[in-house]
Amino acid sequence: MKLRRLVAACAAVTLVAGMPVANAAATPRFAKYVALGDSYTAAPFVPLPEVLSLGCFRSYSNYPKQLAERLHVRELTDVSCGGADTTNMTKPQSTLLGTAAPQFDALTPDTDLVTVGIGGNDFGVFGSIIDTCPALRASDPAGAPCKAHFTVDGVDTLLAKIAQTQTRITGVVEGIKARSPKAKILLIGYPKIAPEHGTCPSILPFATGDYAYLYSIEQALNQAVGNAAAAGGATYVDTFGPSTGHDACAPDGQAWIQGKDINLLRAFSYHPRYEGQAGVTALTYKTLTGVPAVVTAAEQSAWATQARKLAKQAAAAPRLAPQGLVSPQAVEASLNRGRTSAQR
């Protein structure tokens with residue numbers, strides 16, 4: 001056994017020694033990784049579910065789990081939770097199955113990597129759009145009734161809320177630095193839900209003119225996340241630009257985002273599928289290693305294949321499926337409580 005270990009160690013040293021210096025140094029090493037965030041990080045209904053996540057609906061396939069594996073992190077603490085907003089970094093969160101502790105409780109002085117995906121639920125921005133826009137479509141299918149609804153006296157109320165959200169996210173970065181001063185901090189953006197051009201009302205039931213509005217609101221939110229990263233000295237991971245062509249309207253196998261219908265074997269409505277989580281993983285890893293943050297056709301094909309495989313596994317193991325624990329309606333109600341919270 002000792003000889004085998006020695007041979008393995010020598011082989012590893014030889015391999016590293018034979019690598020170009022740039023490659024050998026490309027992958028940073030982290031010992032303690034803490035993942036913070038909302039449902040876009042937790043990944044509800046992406047197979048397979050982390051059944052003991054206390055109503056936070058985390059997945060074993062979410063990007064923190066995938067990134068930790070890719071980085072060979074020694075210890076991962078994933079406290080992301082569906083429905084979370086920035087206030088849940090320091091305050092407990094009520095969920096369907098109990099109370100989740102403040103996410104900052106997971107941070108320690110020796111934490112050396114932190115990812116944060118937060119902001120969409122603050123002031124109910126995402127929830128307001130999802131709950132309001134589809135219902136207004138019938139009143140003006142070719143127009144932009146949702147944009148008109150949220151524009152009061154010439155002021156876009158959602159953009160005003162996003163400006164406040166930016167201040168909150170900047171405070172989140174400051175809070176992480178105070179608790180984990182040695183940590184590399186990454187703020188993770190939100191991938192595209194709506195396409196820049198075109199419509200798909202059977203998937204995203206918005207009025208034609210409101211596709212551009214949804215796109216602009218999410219673009220503004222990502223700008224706020226990026227601004228907060230710059231202000232706080234963190235690193236922004238852009239998933240919005242690189243997810244072009246992978247919005248909810250994209251064909252199956254290309255789409256990162258689930259449409260209006262919940263799929264118990266793929267993802268919660270309006271949330272990332274496995275492909276989206278894998279895409280965020282790749283973009284985060286590439287950002288960390290200095291590689292151009294683009295998505296290749298080969299990567300996308302591999303993610304789509306893995307998504308189908310995981311869906312089959314989930315279907316064959318109903319005891320692990322979300323519907324075996326709580327109903328989709330209960331999950332939706334629980335997440336809605338968080339995402340539509342106003343001025344918390």
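**Entry 1: a pair in the middle of the sheet**

I started with L36 and looked for its bridge partner in β5, which turned out to be V116. I note here that I am working with a predicted model. Then I followed the rest of that pairing: 5 bridges join β1 to β5 (residues 113–117), and the two strands run parallel. Further along, Y33 stands opposite L113 of β5.

Next I turned to the other neighbour of β1. Strand β2 (residues 75–78) is joined to β1 by 4 bridges, and this pair runs parallel as well. Here I found K32 opposite E75.

**Entry 2: the whole sheet**

How many strands form the open sheet, and in what order? I traced 5 strands in the order β2-β1-β5-β8-β9, with parallel pairing. At the edges I found β2 and β9 (235–237), each with a single partner strand, so one side of each has no neighbour in the sheet. From one strand to the next, the twist averages 20°.

I then checked what packs on the sheet. Helix α8 touches β8 and β9, and its direction makes about 160° with that of β9. Helix α7 (residues 157–179) lies across β1, β5 and β8 (184–188), and I noted an angle of about 155° between α7 and β8.

**Entry 3: is β1 buried or exposed?**

I went through β1 (residues 32–37) residue by residue and found 6 of its 6 residues buried. I sorted them by face: K32, V34 and L36 lie on one side, Y33, A35 and G37 on the other, and all are buried. Both faces of the strand are therefore covered, taking buried as under 20% relative accessible area.

**Entry 4: the cores**

I remind myself that nonpolar side chains tend to be buried together in soluble globular proteins. Which residues touch the most other members of the largest nonpolar core? That core has 51 residues, and the answer is Y33, L71, L204 and F206. I also asked which element gives it the largest share, and found helix α9 (residues 274–289) with 7 residues.

Leaving aside neighbours within four places in sequence, I listed its contacts as I193, A194, P195, Y211, A248, C249 and Y270. There is also a second, separate core of 24 residues, and L36, V116, I169 and L187 are among its members. My opening pair turns up again there: L36 and V116 are bridge partners, and this second core includes both.

**Entry 5: along helix α8**

I came back to α8 (residues 208–232) to check its length. Its 25 residues reach 38 Å from first C-alpha to last, close to the 36 Å expected at 1.5 Å a residue. Just after the helix, G233 takes a positive phi of about 80°.

Within α8 I stopped at A212. It counts as partly exposed because its relative accessibility is 49%, and the exposed class begins over 50%. I also looked at A212 and H197, which are 15 residues apart along the chain; their C-alpha atoms are separated by 7.6 Å.

Most residues other than glycine have a negative phi, and most peptide bonds are trans. With that in mind I went looking for exceptions.

Where does L48 sit? I found it in the loop between α3 (39–42) and α4 (63–71). A cis peptide bond joins P47 and L48, with omega at about -5°.

A43 lies in the loop between α3 and α4 too. It is not a glycine, yet its phi is positive, about 70°. I checked its cover and found A43 buried, with a relative accessible area of 1%.

H72 is another non-glycine with a positive phi, about 55°. I placed H72 in the loop between α4 and β2. Its relative accessibility is 60%, so H72 counts as exposed.

**Entry 6: the chain overall**

I closed with the totals. I counted 11 helices and 9 strands in the chain. Of its 344 residues, 54% are buried. The accessible surface comes to about 14,700 Å², and carbon and sulfur atoms hold 58% of that. Lastly I looked at contacts between residues at least 6 apart in sequence: 73% of them join residues at least 24 apart.

Technical notes:
Residues numbered from 1 in each chain as written. Heavy atoms only, no water. Buried < 20%, exposed > 50% of the residue type's maximum accessible area, 1.4 Å probe, protein only. Contact = heavy atoms within 4.5 Å. Areas by Shrake-Rupley, 256 points an atom, 1.4 Å probe, with all protein chains shown as cover. Expected span 1.5 Å × (residues − 1). Pairing = 2+ DSSP bridges. Axes fitted to C-alpha atoms, helices over the stretch in contact; angles between N-to-C directions. Core = buried A, V, L, I, M, F, W, Y, C linked by side-chain atoms within 4.5 Å.
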